[in-house]
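Here are my notes on this model, point by point. Please read them with the structure open.

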Amino acid sequence: MFFEKKDGIVYKTVTGNDYCQVARLLCDSFYSATPLSWPLGGPLAPAEVETVFPQLSVIISHRVSILAFDADTKEIVGVRLSVLSDRESRCSPSDPLLDSAELAARYPKHSRLVQLEQHLDIQADCLARYRVSRAMIGRFLAVKESHANRGIGGRLVESSVRLAKVLRIPLVIGTSHNVYSHRIYRSLGFDCIYSVQFRDYTDELDGEKPFAALEDTEHSEAAVFAYRL
């Protein structure tokens, strides 16, 4: 178990008891806030991403996710959800939207994001690139807007690296969809392994460019970052 307190914020390993608050944080501070939702028709509502909730229990069971909560209010204000990827046992969970065309059609907006995530994984191919059999892969990094600009996102990533060292996991990976996360990973010494401009990204399933209509902002690319321990 990871546990640390700094500047009134406690950082600890996510457990099953944290499920409800973490799920709510994902909806409020990740899916509703991602700039990629706008070309798809607006912020993603909880009903549009409900396939992620069963997966959340599996992700938490890997015991390598870190959350941040306010020491006074006990409110969860940030989270980095990670999974273990093992080339031999293939323990990294698959997304049901990749396995079921019916589900992908039912949740088209969320499916677009999942397809982008798979594209990043395939192109980066970090396990082969670094010649390791195991890695900690960060799937979500979110901080409540009320606690932004306090260094919480950076400490969540830093805590993940420290946990990986304790567990002797040789590689920590993070995918990023915004410039703020990009800066965090770079500041902590992560290497950018692969990136793609949102407007140029092509969904291999139908050949469309789902984010071509993205407005001009500083959030212009998705990237994969890696840190070799």
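Helices (H or I, at least four residues) and strands (E, at least two) are DSSP runs, numbered from the N terminus. The model is predicted: local features need pLDDT of at least 70, side-chain atom pairs count only at pLDDT 80 or more, and totals for chains, interfaces and linings use all residues. Residues are numbered from 1 along each chain as its sequence is written, and side-chain values use heavy atoms, with hydrogens and water left out.

1. Leu 188. This residue sits in the loop between α8 (179-187) and β7 (191-197). Leu 188 counts as partly exposed because its relative accessibility is 28%; buried means under 20% relative accessible area, exposed over 50%, and partly exposed in between (1.4 Å probe, protein chains only). Leaving out residues up to four places away in sequence, Leu 188 touches Gly 154, Val 157, Glu 158 and Tyr 227. Contact here means heavy atoms within 4.5 Å. Ala 101 is 87 residues from Leu 188 in sequence, and their C-alpha atoms are 38 Å apart in space.

2. The annotated span. UniProt, in an unreviewed entry, places the feature "domain: N-acetyltransferase" at residues 140-190. UniProt positions follow the numbering used here, feature names are shortened, and annotations may be inferred rather than shown by experiment. In the model, residues 140-190 are 47% helix and 20% strand. The end C-alpha atoms of that span lie 16 Å apart.

3. Are Ser 159 and Ser 160 buried or exposed? Ser 160 is buried because its relative accessible area is 0%. Ser 159 is buried because its value is 2%. Beyond residues up to four places away in sequence, Ser 160 touches Ile 66, Arg 80, Ser 82 and Met 136. With that exclusion, Ser 159 touches Phe 2, Tyr 11 and Ile 66.

4. Ser 82. This partner of Ser 160 lies in strand β4. Ser 82 counts as buried because its relative accessibility is 0%. Its contacts, leaving aside neighbours within four places in sequence, include His 62, Val 64, Met 136, Arg 139 and Ser 160. Ile 59, Ser 65, Ile 137 and Gly 138 are also among them. Arg 155 is 73 residues away from Ser 82 in sequence and 15 Å away in space, C-alpha to C-alpha.

5. The α1/α2 pair. The axes of helix α1 (residues 19-31) and helix α2 (residues 52-61) come within 11 Å and cross at roughly 120 degrees. So α1 is oblique to α2. Axes are lines fitted to C-alpha atoms, for helices over the stretch in contact, and angles run from 0 to 180 degrees between N-to-C directions. Angles under 35 degrees count as roughly parallel, over 145 as roughly antiparallel, 65 to 115 as roughly perpendicular and the rest as oblique. The crossing of α1 and α2 is right-handed: a crossing is left-handed if the near helix is turned anticlockwise from the far one by less than a right angle, and right-handed if clockwise.

6. From α1 come Tyr 19, Val 22, Ala 23, Leu 26, Cys 27 and Tyr 31. They meet Val 52, Phe 53, Pro 54, Leu 56, Ser 57 and Ile 60 of α2. By class, the contact has 11 nonpolar, 1 polar and no charged residues. Ala, Val, Leu, Ile, Met, Phe, Trp, Tyr, Cys and Pro count as nonpolar, Asp, Glu, Lys and Arg as charged, and the others, Gly among them, as polar.

7. The buried side of α1. Val 22, Ala 23, Leu 25, Leu 26, Cys 27, Ser 29, Phe 30 and Tyr 31 are the buried residues of α1. They pack against α2, β3 (66-70), β4 (76-86), α5 (108-124) and β5 (134-143).

8. Backbone check. Most residues other than glycine have a negative phi. Asn 149 has a positive phi, near 65 degrees, and is placed in the loop between β5 and α7. Asn 149 counts as exposed because its relative accessibility is 83%. Arg 168 has a positive phi, near 60 degrees, and is placed in the loop between α7 and β6 (171-176). Arg 168 counts as exposed because its relative accessibility is 74%.
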